[in-house]
Amino acid sequence: MKQRIEQILAEINELKCKTQKEVEEARVRLLGKKGEVTRLFEEFRTMDKERKKEFGRSLNELKQAAQNKIEEYKNSIGEEANAAGPKEDLTMPGDAFELGSRHPVSIVRQEIVDIFRKFGYDVAEGPEIEDDYHVFEALNFPPNHPARDMQDTFFVSAGHPNPLLLRTHTSSVQVRAMENMKLPIRVICPGRVFRNEAISARAHCIFHQVEGLYIDEDVTFADLKQAILLFAREMFGPETEIRMRPSYFPFTEPSAEVDVSCNICHGKGCNICKGTGWLEIMGCGMVDPNVLEASGIDSKKYSGFAFGMGLERIAMLKWRVNDLRHYFENDMRFLKEFNTSIEV
Ligand code: PHE
């Protein structure tokens, strides 16, 4: 026993470790479960009292020496490595942090909102689940009026005199604006709308609109035309021309459909504008006096105009996307194409 203790002690004194791995190996060899020191302790346990007295102390000293030595190496090797500099190469470029990108529909909405803000319009929002009154009734669609067929509606509660439904346009927000805001009113209403349509490349049951409303004394069709022209030039470029075609909406009279000159072929005719040189972007008109009166506005004193456009359609024209469904599928490859437009 004595001899082995001395032998191991000598081994400990001569122990040389260069790496943490070597330190760990030495620890296992000496103090591990089957280590040399551990084994001596096991033997010690079986000894009689006399011998225990003889070796107890030197065994404990041996263990202490092994622990000290290993501890010493553990710390000093760490220090040396630190002295040589950090293990990581601090000059290495970092991992790129992937930023999200704005959805194309959000980009277009922001652009439109910014343009109208410059013209002095406020932004208003309203509920997506609306009642029949704000979506139809107050907008001059009487019950059972055939004009309601223009918009296939998702009803939330049927069989009620004023059923709840998913709004089919954000004109409902304009009604709320007329009810609540002080005149004159200049407001735009961005939001999500719902129509019961079969999903295809050109139609979807959910889409987004920005609608606008301006009510004051002496607002004329010329004001409407000018507002739309200025908007179109801000949105599609300073050379843009507009044209208006007569149309029908129950809430405006007269009503028009607005086209902008095709910014791809500049009027020559291409497959985007189907050879016509014009692209349809919105509906508009002078607010019907019945609509003003329904919201308690004196139609003899005040007049106004309204307009509304679909954001997916504008985005399609802007980026020449030929299938509406891309906007809803959230395919990362599609969304990443709009990365450059992120504003931080
Ligand atoms: N609300 C109409 C639609 O959803 C758009 C529109 C708004 C037309 C205002 C005229 C005036 O199609």
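A cavity, on a 1 Å grid over the protein atoms alone, is a set of points where a 1.4 Å probe fits but cannot get out, and its lining residues have an atom within 4 Å of a point.

**Entry 1: ground rules.** I am reading a predicted model, where local features need pLDDT of at least 70, side-chain atom pairs count only at pLDDT 80 or more, and totals for chains, interfaces and linings use all residues. Residues are numbered from 1 along each chain as its sequence is written, and side-chain values use heavy atoms, leaving out hydrogens and water.

**Entry 2: the cavity.** I searched the whole structure and found one cavity of 30 Å³ or more. I noted a volume of about 60 Å³ for the largest cavity, a volume being the space filled by probe spheres set on the points. Which residues line it? I listed Leu139, Gln174, Met178, Leu213, Phe251, Val287, Val291 and Ala306. By class I have seven nonpolar, one polar and no charged.

**Entry 3: α1 and α3.** Next I looked at α1 (residues 2–14) and α3 (residues 36–45), helices that pack at about 160° with axes 11 Å apart. They are therefore roughly antiparallel (angles over 145 degrees count as such). In contact, meaning heavy atoms within 4.5 Å, Arg4, Ile5, Ile8 and Glu11 of α1 meet Glu36, Val37, Leu40 and Glu43 of α3. I sorted these into four nonpolar, no polar and four charged.

**Entry 4: α5 and α10.** Last, I checked α5 (residues 104–118) and α10 (residues 311–319), whose axes come within 9 Å and cross at roughly 100°. So I wrote them down as roughly perpendicular (65 to 115 degrees). Their contact has nine nonpolar, no polar and four charged residues.

Note on methods
On a 1 Å grid over the protein atoms alone, a cavity is a set of points where a 1.4 Å probe fits but cannot get out, and a pocket is an open set with protein on both sides within 12 Å along at least five of seven lines; lining residues have an atom within 4 Å of a point. Ala, Val, Leu, Ile, Met, Phe, Trp, Tyr, Cys and Pro count as nonpolar, Asp, Glu, Lys and Arg as charged, and the others, Gly among them, as polar. Axes are lines fitted to C-alpha atoms, for helices over the stretch in contact, and angles run from 0 to 180 degrees between N-to-C directions. Helices (H or I, at least four residues) and strands (E, at least two) are DSSP runs, numbered from the N terminus. Angles under 35 degrees count as roughly parallel, over 145 as roughly antiparallel, 65 to 115 as roughly perpendicular and the rest as oblique.
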